[in-house]
Amino acid sequence: MTSGSIRTGRIEPNQHRTPPGRWAGIRRAGAVSLALALALCSGLAQANPEPGQLNLTRGVTTWSEVPYFLNNVVLGVCVVIGILVFGAMFIAMFRFRKSRGAVPEKWSHNTMVEVIWTTIPVLILVALAWLATGGLVSFADTTGSQMTIKVTGYQWKWRYDYVDYLGKPISKVGYMSKLDALSDKTRQLHSGLDPYAVTTDGYNTYLINVDKPLVLPIHTKIRFVITSDDVIHSWWVPQFGWKMDAIPGIVNTAWTNINETGTYRGQCAELCGQDHGFMPIVVKAVSQEDFAKWLADQQQASAPAPAAASSAAAPASAQTAAAPAKAGNG
Amino acid sequence: MAHEATHDHHDDHHHHAPQGFFQRWVMSTNHKDIGTLYLVFSLLMFFIGGSFAMVIRAELFKPGLDLVQPYFFNQMTTMHALVMIFGAIMPAFVGLGNWMIPLMIGAPDMALPRMNNLSFWILPFAFTLMLSTLFMAGGGPAGGWTMYPPLSLQSDSLAYVVFAIHLMGISSIMGAINIIATILNMRAPGMDLLKMPVFVWSWLITAFLLIAVMPVLAGAVTMLLTDKYFGTSFFNPGGGGDPVLYQHVFWFFGHPEVYIMILPAFGIISEIIPTFARKPIFGYRAMVYAIASIAFLSFIVWAHHMFAVGLPLGADIFFMYATMLIAVPTGVKVFNWVATMWGGSMTFETPMLFAIAFVILFTIGGFSGLMLAMVPADFQYHDTYFVVAHFHYVLVTGAAFAIMGATYFWLPKWTGHMYSEFWGKVHFWCSVVFVNVLFFPQHFLGLAGMPRRIPDYNVAFANFNMISSIGGFLFGASQLIFLGVVVHCAFFAKKKATDRVWEGAKGLEWTVPSPAPHHTFEVPPVVRDEELAHGHTDD
């Protein structure tokens, strides 16, 4: 993607206080300048949902701007059409009231206006379709990735397996990631615990925190292969701009290329049973150097006890491997 | 020929309703009584489904689980949808069709009166079966109304729900056959197809949709049943099946289904607006063609519910384009309603207020629909509260508002009395304000990242959820006013309705006395073009 290089290195810290573009999409220009102003500050992007957030997040990846931009454009188009149509309705309701002595007219047909208001929407739709198609084609292109992560959904947790990094296969780095203990205790019915008291680094992380986050390097095209061990789940980090279903027997693919270090939080987005609301996703994006160090540590930790590590990985692949795998999106 | 045969047959009948309660209501073959049964049933289901919604909104009032276990919450979301879709909206439209189609086309009754009775009386049994699962050990269905496998196969109540859905499907198909047979065979002489009221047209097209897709749903849920109990593997990857296949089959039913719930509403609005604008409907033929093209397009857009399942790029693009196309005929309808108002002489009785609210709020639901059609943006919107807001705008302020408007519009014809205009307006204003307090903030919740079908949420979503819940409770309470107005009009109102009821009312249904006698049009009426709501059809 070409827009990636432009956005590389821009940092949007403190998003929790001033989300760029929190008003409707027609103010995209304002949002861009706001983001640039904030880029002067530095710090980790702590991408939680914001209290009172009104619009989509802009996201932190090379692709995440596509849905954000499209959302703003199509929202703007809808607002303009809405003002015209509802405006005409309200004028009609005031001008053509019986109480004002309006006499009903007899006409019930006008070919010219009917052709006009059929054609203009078609033209608007063609423009929108053109914009959307470009974004879609770039999303479908998972080629040239430098890293592969296998994501497996379980009722009700996620498993992450590191498959390869910079052309080298990784073995025995993989782990389960589930709701953190404090959120889990607080969310029990009649727990008496206050959801507002569940915080991490000063931000409320009730139900959006995990015991072990997925650690990813920035400025790396990462390919995800996503599947499930039981029912359908959906892996969604809003800051990445997409969600992808995790389906048993099927391996879906998607990619991301994160621009900024930070912690990005999401949730399972496909109803998967009683604890569907309690299987969050947390991605910790670190610099490539930090990632290389972290990966080496993980490999070392798993090396002395290969038997234990492989038995932990076994259930992940047992059922899915038996089924014919079908790759989506190439 | 058909007219004569029916006419002779009806000469033997009494001109008054049968006396006994059981005989009149349970054994009825009269389209008006069966229409009333459908409408009363759907009102009951509306309140049952609404009470499930109240549980949902109460649990979501603030962060933290305070009232119910997550599994019960999932039963509530699932049952709320099933009851509202199959119990409230669809039977209400069938009831309105039963009551009004024969009156509008000058037919003495429905074409197949005994089947009409059967298609209604299946429903109470179907819903008793489905609702009874809530009291069983394993609880009701909790996998969402879409019943995606493998999750839905984990439910103990699957067999009950599948059988209930089969019954509902049989009822719908019989109702649809009856409506098609009535419209095609029983029109009064001179009531050409392109002179029929738009409501009749909308039901004719809807009935074809029903016949086309209800068997598809029956097939999909039957495969679920055999997967769970008979060892098949249609949707089980372990046996060579594919969970995504279910979604394709389900949504091939499901998308026409959402138009089944909105096309008759389009018809109702196209009757109400010309009446209170005192001006013929603008572009009658365009309105009919728009309904037909929406119906056709509904068959080729199903996978837009599945953009996140990992469709191939080509499929994403095809379904996106096809979905966006629907905006064109839908736009034509909205523009034509506005053009009908333009140059009219409007008054704002309760039915007109609901119709105007429908046009505005349904259009807002259409806008969010267009946004959802854009696949890259849908990757963010999908399965969030943005979708919840979208379909409640088209189904509550769309379908349900049209049904309420239709009730106020035709209630004087049904009961012979005028409802209380004051309380009708109170009901309208409460509903229209609170429904927006209820659903508009859900757009923001979805955009901020709140998934749907979750019983608890991060505190960042707390403000809008509380606003939404308050709107929900007040909207629910407002519907008690509706109940009060209808009961008052049916049993206690003093003010007699005239035959014409509304000054600008046109069409055959307004030529019969109010209340409409038990048997009408035993002699086919004479159809005069100037008496039709859409004026002369030389456009």
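Two strands pair if DSSP finds at least two bridges between them. With that in hand, welcome to a quick tour of this predicted model.

**A strand pair in chain A**
- Strand β9 (residues 222-228) of chain A pairs with β12(A) in the antiparallel sense, over five bridges.
- Strand β12 of chain A covers residues 252-256, and four of its five residues are buried, so the strand is largely enclosed by the rest of the structure.

**Where chains A and B touch**
- On the chain A side, 87 residues are in contact with 85 residues of chain B.
- Four elements of chain A each supply at least two residues to the side that touches chain B: α3 (65-95), α4 (111-140), β11 (242-246) and α7 (306-322).
- The element that gives the most to this side of chain A is α4(A), with 15 residues.
- By residue type, the side of chain A that touches chain B divides into 51 nonpolar, 25 polar and eleven charged residues.

**The largest nonpolar core**
- The largest nonpolar core holds 263 residues, and B:I89 and B:I269 are those with the most contacts inside it.
- Domain 1 (8-141) and domain 2 (147-329) of chain A both give residues to this core, so the core lies between them.
- As general background, nonpolar side chains tend to be buried together in soluble globular proteins.
- Leaving aside neighbours within four places in sequence, B:I89 is in contact with B:M84, B:M261, B:L395, B:A399 and B:A400.

**B:Y259, a buried residue**
- You will find B:Y259 in helix α8 (residues 243-260) of chain B.
- B:Y259 has 23 other C-beta atoms within 10 Å; because 20 or more count as buried, B:Y259 is buried.
- Beyond its neighbours within four places in sequence, B:Y259 is in contact with B:L209, B:I294, B:A295 and B:S298.
- B:I291 is 32 residues from B:Y259 along the chain, and their C-alpha atoms are separated by 9.5 Å.

- Although B:A81 and B:T146 are 65 residues apart along the chain, their C-alpha atoms are separated by 9.2 Å.

Key:
Residues numbered from 1 in each chain as written. Chains lettered and ligands numbered in written order. Predicted model: local features only at pLDDT ≥ 70, side-chain atom pairs only at ≥ 80, totals over all residues. Core = buried A, V, L, I, M, F, W, Y, C linked by C-beta atoms within 7 Å. Buried ≥ 20, exposed ≤ 12 C-beta atoms within 10 Å, placed from the backbone. Domains from an automatic or database assignment. Contact = placed C-beta atoms within 7 Å. Nonpolar A, V, L, I, M, F, W, Y, C, P; charged D, E, K, R; others polar.
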